[in-house]
Amino acid sequence: MEGFARTFILAAFRVAGEHGADPHGHLAFYRSGLLAGTDPESAQPWPRIEVTRQALVEAASLVLALHLTRTWLWDTLAVAEQDRVVDWLGGSVGVGIPDNNWVMFKVMVQEFIASTGRAFHEADITDGLARIEDWYVGEGWYRDGAGQRFDYYAGWAMHLYPSLWTMMAAPRVPELAAAKAAVYRERLARYLTDFQYFFGANGSPLFQGRSLIYRFAATAPLWLGELLGVSPLDPGATRRLASGALRHFNDGGAFDDRGLLPCGWFGPFAPMTQSYSGPGSPYWTSKAFIGLMLPADHPVWTATETAGPVETADAARTLAAPGFLLSSTAADGVVRLANHGSDNQPGLADRDDPHYSRFAFSTHAAPDFNAPLDNHIAVLDAAGVPSRRVRILRRPSTTPATQASAHHPVWGAAETGKDSAWTITSATAMRGPWELRVHVVESENPATAPVREGGYAVAAETPGSVASRLIPVLGHDDGGTAAASGANPMTAETETPWLSGTHHGTRSVFASLAVLSGDPAVAAALAAAELRPELHDAGGTVTVTIIAPDGHPLSAGFRP
């Protein structure tokens with residue numbers, strides 16, 4: 001059913017954009033499947049939503065596709081056939097759902113039912129639209145429910161569905177739809193001013209957050225910006241980012257021998273697959289093709305592709321709402337994201353969650369899915385087991401281009417860290433390829449314990465690849481490189497630089513310079529660098545300043 005519903009929206013974008021032209025006969029196929037799935041007497045009826053709530057996710061795709069192809073599919077059904085479809089959709093009323101982007105699935109389903117002239121459950125619409133307002137945090141960003149879950153759902157769900165709802169609802173509630181549309185357009189425009197930097201010159205989206213098996217669905221809000229006329233990008237740059245993402249996965253081997261998308265990044269990679277994902281789940285990536293709704297003479301199709309923003313100049317952006325720092329470099333097209341705000345609350349896991357727990361993510365490197373090392377700092381217990389970073393507690397920074405946070409290290413099955421006797425407060429300052437990381441490690445009681453920190457996990461260095469370095473600044477007295485096999489969704493073999501030191505007493509300070517770069521000039525600058533670190537630790541403020549390899553000071557300051 002997932003495979004059917006999620007590819008149906010791709011077909012619907014195609015047919016709607018061609019004003020009903022359907023030379024490949026897609027609608028005939030989806031028409032037959034729709035009738036078979038909603039007929040309880042058929043050989044393979046779909047599970048009822050009230051029995052299998054996951055079907056609600058697919059119901060939202062179905063109604064979107066039916067709305068877009070209404071003239072050519074829905075209107076051709078007999079009344080009894082329509083009634084069976086509406087009866088199946090109606091099973092969503094009263095179903096308990098996760099308190100997150102799922103509320104928009106109920107909104108979409110009930111709005112479509114309303115558009116058919118049949119009785120509908122209006123509370124699902126009003127309640128859902130009101131609920132997402134609770135999750136809007138500014139700068140164009142939505143949380144995906146309670147807590148601090150900031151990820152691609154902000155774009156491919158929290159921006160996408162409300163805007164599409166306004167198009168569906170306009171005939172029924174024109175004034176409300178228009179007012180909401182204006183708000184959603186303004187928020188999307190703001191979101192895209194930062195989100196356009198989430199794509200590397202290699203076409204890859206940043207590897208951060210859950211449901212990454214949807215791959216190039218990350219481009220959906222870029223297309224939505226064009227559809228709504230609020231994109232800050234030149235049309236040729238929009239198409240460059242979108243086609244670049246598709247090319248990245250296509251050329252990288254994301255499609256298997258059957259031409260299908262497995263659960264993974266390139267090939268299959270089970271560790272990055274969520275418990276709710278099935279074989280058809282990757283086809284939520286169909287959202288990447290919403291641009292097909294734009295006519296063939298739209299500038300996004302007629303303009304020559306132009307370089308994306310990451311390719312034209314170095315950029316550094318502070319995203320206060322989600323707690324991110326972004327730094328991109330034009331010479332190698334690498335994007336780096338420092339994470340001091342997104343931790344996948346609620347539902348914090350009793351094991352490491354590399355999608356959220358790392359201090360940094362990139363377009364050119366993914367975390368290893370094993371004991372946490374890369375882009376992580378840990379206190380090692382007596383058995384050498386590293387602590388985990390779970391709940392992120394934001395802290396104020398005191399220097400420019402810096403974000404800071406604290407966490408309580410946990411081991412074993414602990415989920416929140418609330419009972420931990422340890423606190424690690426960290427800050428990241430970024431400029432170009434340079435990431436200054438500072439950590440204050442505190443224990444409630446005097447202790448002596450190893451502390452270990454890792455840089456980016458990358459493939460073994462080959463010509464044209466990116467290299468990962470982790471340079472000691474303060475507190476570390478040992479280091480090396482750790483190899484892993486079969487632990488990374490981007491590459492079979494990885495190497496991660498690491499540093500270690502020792503925590504003594506109740507308070508220790510550690511600092512490092514992390515570098516991820518494919519620019520030969522960066523390697524040369526590192527070889528000649530003298531960092532000359534200075535530590536200021538007084539008056540409730542910690543600041544570490546170095547002379548970065550580019551010859552200019554770089555400071556990371558914060559209040560633990």
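Predicted model: local features only at pLDDT ≥ 70, side-chain atom pairs only at ≥ 80, totals over all residues.

**Starting from helix α1**

Guide: Residues are numbered from 1 along each chain as its sequence is written, and side-chain values use heavy atoms, with hydrogens and water left out. As for names, helices (H or I, at least four residues) and strands (E, at least two) are DSSP runs, numbered from the N terminus.

Is α1 mostly covered or mostly open? Mostly covered: 13 of its 16 residues are buried. Buried means under 20% relative accessible area, exposed means over 50%, and partly exposed is in between (1.4 Å probe, protein chains only). After α1 comes His19, with a positive phi near 55°. That's worth a glance because most residues other than glycine have a negative phi.

Glu139 isn't a glycine, yet its phi is positive, about 60°. It sits in the loop between β1 (136–138) and β2 (141–142), and Glu139 counts as partly exposed because its relative accessibility is 23%. Ser211, also not a glycine, has a positive phi of about 60° and lies in the loop between α8 (174–195) and α9 (220–228). Its relative accessible area is 0%, so Ser211 is buried.

Now for the inside. A nonpolar core is a set of buried Ala, Val, Leu, Ile, Met, Phe, Trp, Tyr and Cys residues joined through side-chain atoms within 4.5 Å. The largest one has 116 residues, and Phe8, Leu89, Trp141, Trp156 and Phe198 touch the most other members. Apart from it lies another core of 24 residues, including Val438 and Ala556. Back to Phe198: if we skip its neighbours within four places in sequence, its contacts (heavy atoms within 4.5 Å) include Trp141, Tyr152, Pro205, Leu319, Phe324 and Leu337.

Leu89 leads us to a pair of helices. The axes of α3 (residues 55–68) and α4 (residues 79–89) come within 11 Å and cross at roughly 140°. Axes are lines fitted to C-alpha atoms, for helices over the stretch in contact, and angles run from 0 to 180 degrees between N-to-C directions. The α3 and α4 crossing is left-handed; that label is used if the near helix is turned anticlockwise from the far one by less than a right angle, and right-handed is used if clockwise. Where they meet, Ala55, Ala59, Leu62, Val63 and Leu66 of α3 face Val85, Trp88 and Leu89 of α4.

On to the strands, where two count as paired if DSSP finds at least two bridges between them. An open sheet of four strands runs in the order β3-β4-β5-β6, with antiparallel pairing. Its edges are β3 (315–319) and β6 (360–362), each pairing on one side only. On average, neighbouring strands in this sheet are turned by 15° against each other, direction ignored. Inside it, β4 (residues 324–329) and β5 (residues 334–339) are joined by six bridges, and Ser328 has Val335 in β5 as its bridge partner.

Next stop is β9, at residues 402–407, where six of six residues are buried. Both of its faces are covered: Thr402, Ala404 and Ala406 are on one side, with Gln403, Ser405 and His407 on the other. Three bridges tie it, antiparallel, to β8 (residues 393–395), and six tie β9, also antiparallel, to β10 (residues 422–431). Arg395 has Ala404 in β9 as its bridge partner, while Thr402 stands opposite Ala429 in β10.

Last, there's an open, antiparallel sheet of three strands, in the order β15-β16-β17. Its edge strands are β15 (534–538) and β17 (553–558), and the twist averages 10° from one strand to the next. Five bridges link β15 to β16 (residues 541–547), and Ala538 stands opposite Thr541 in β16.
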